[in-house]
Amino acid sequence: MKKQFNRMRQLANQTVGRAEKTEVLSEDLLQVEKRLELVKQVSHSTHKKLTACLQGQQGVDVDKKSKKLPLTTLAQCMVEGAAVLGDESLLGKMLKLCGETQEKLAHELILFELTIERDVVDPLYDLAEVEIPNIQKQRKHLAKLVLDMDSARTRYYQSTKSSGLSSNLQPTGAKADHLREEMEEAANRMEICRDQLSADMYSFVAKEMDYASYFQTLIEVQAEYHRKSLELLQSVLPQIKAHQGEFPFLGLFRIAPSASKLKKLKASLDCGVMDVQEYSADPHAIAGALKSYLRELPEPLMTYELYNDWIQASNIQDQDKRLQALLNACEKLPPANNNNFKYLIKFLSKLTEDQDVNKMTPGNIAIVLGPNLLWMHNEGNIPEMMTTVSLQIVGIIEPIIQHADWFFPGEIEFNVTGNYGSPVHTNHNSNYSSMPSPDMEQMERKQNDQSRRPLSVATDNMMLEFYKKDGLHLFKYCT
């Protein structure tokens, strides 16, 4: 108890400056001591920020880490989407290929993060939270031992003064011997601790090159990860381009026609004056006119009111029940919408008869035309809408085209004049109101003047002839 009291008094005296604290470390070690704290701060901050960059959960096995990666969930979503669409559609093939690629990228990312954790993150943690704190703990212990030594020395010297001896004479007696032994023992403990601390400090300085190598390792591992990822992406790009080349219709429906030519074509169709031969060499204008017609309707051909019915039907897993639900939705369409939808679906179904040449499978047609047939009311951003519901729309339009004769029994005569196109530069304005339209039933159309056809029939007929007769030419043209 008395010893502790003396130590407290000695510490108080040193604090207020009445006693001098012995400094037992050399000047270079005092500089190392200052550097220790700086290195600790930098290592701790770097470790914290680097850990935040890792996407996987730290300290778990590979399987658990994989499940937490955004790339893994993206890969699963793509593969599942590919299964829904099937390998017959371009979107299905692309989703499957991209999903597999994302899965491989996720695997590379996991290996990268595991290496970073082992070779960089964990060593930085040990440096900031274990190695340097241990040295600092020893430094505090040394300071305590120095205080003990100074306190013991002070007590010994005070004993000398109280005995009336000069400073160069040694006190005698049992008490003096005890105080001297206590001072020597304290000095010995301090020296042992100081030597150990000095060795650890010098070791810290000598290992600075090792500490610096952590950051070299970080860059090397990052470089290797990005190199492997780039190789993986470069290896899959030719396959993606090859798949695109197998589906030339994407060029036909996705390449925008000349704005002026499309505007002229739409205007000529509206007024009933059109030179078919002028547009025979420009299938993009014809395709653009069809998509524009569907998209510019006051509401989608499949109506806002039935939007939920269509979407709910597409979510039914059982094929027969899904088809029946789609048929029920068709039957709810207003008569005019139903007749136009029937006319369009039968036309698109006819295009698929030559899909080996023109590549216009039901799935492909559904991908490019589906978003122009059904969309949400107040949809907002069109690209965002197409991204979120495109799979469902394809799941609606594709089976209807596949089973067009079941949905809409009977035949439709598209080329009622025996050739594709309206009479050249013929003005139908005077009889425009009497022209048959796709809204009329088949028998009603046949009772009309066979030389005058609805403008949409003329447009569809031109496209049909393009795809049937010139499919191979278009295949080469579009690729």
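## The main nonpolar core

The largest nonpolar core holds 46 residues, and those with the most contacts inside it are Trp310, Phe341, Ile396 and Ile400. A nonpolar core here is a set of buried Ala, Val, Leu, Ile, Met, Phe, Trp, Tyr and Cys residues joined through side-chain atoms within 4.5 Å; buried means under 20% relative accessible area, exposed over 50%, and partly exposed in between, using a 1.4 Å probe and protein chains only. At least two residues of this core come from each of α4 (70-85), α11 (283-295), α12, α13, α14 (335-351), α16, α17 (382-402) and α18 (404-407). The largest share, 7 residues, belongs to α14. Helices are DSSP runs (H or I, at least four residues), numbered from the N terminus.

Apart from this core lies another, of 44 residues, among them Leu54, Met149, Leu179 and Val221.

## About the model

This is a predicted model, in which local features need pLDDT of at least 70 and side-chain atom pairs count only at pLDDT 80 or more, while totals for chains, interfaces and linings use all residues. Residues are numbered from 1 along each chain as its sequence is written, and side-chain values use heavy atoms, with hydrogens and water left out.

Leaving aside neighbours within four places in sequence, tryptophan 310 is in contact (heavy atoms within 4.5 Å) with Met302, Leu326, Ala329, Cys330, Leu333, Phe341, Leu374, Ile396 and Ile400.

Helix α12 (residues 307-314) packs against helix α13 (residues 319-332) at an angle of about 170°, with their axes 8 Å apart. Angles over 145 degrees count as roughly antiparallel, so α12 is roughly antiparallel to α13. On the α12 side, the contact is made by Asp309, Trp310, Ala313 and Ser314; on the α13 side, by Arg322, Ala325, Leu326, Ala329, Cys330 and Lys332.

## An enclosed helix

Helix α16 (residues 362-369) is largely enclosed by the rest of the structure, because 8 of its 8 residues are buried. Among them are Pro362, Asn364 and Leu369.

Glutamate 113 sits in helix α5 (residues 90-162) and counts as buried, at 2% relative accessibility. Not counting residues up to four places away in sequence, glutamate 113 touches Cys53, Leu54, Gln55, Gly56 and Lys65.

Glutamine 222 is found in helix α7 (residues 208-245) and is partly exposed, with a relative accessible area of 29%. Glutamine 222 and glutamate 113 are 109 residues apart in sequence, and their C-alpha atoms are 9.4 Å apart in space.

Definitions and conventions: Axes fitted to C-alpha atoms, helices over the stretch in contact; angles between N-to-C directions. Parallel < 35°, antiparallel > 145°, perpendicular 65-115°, else oblique.
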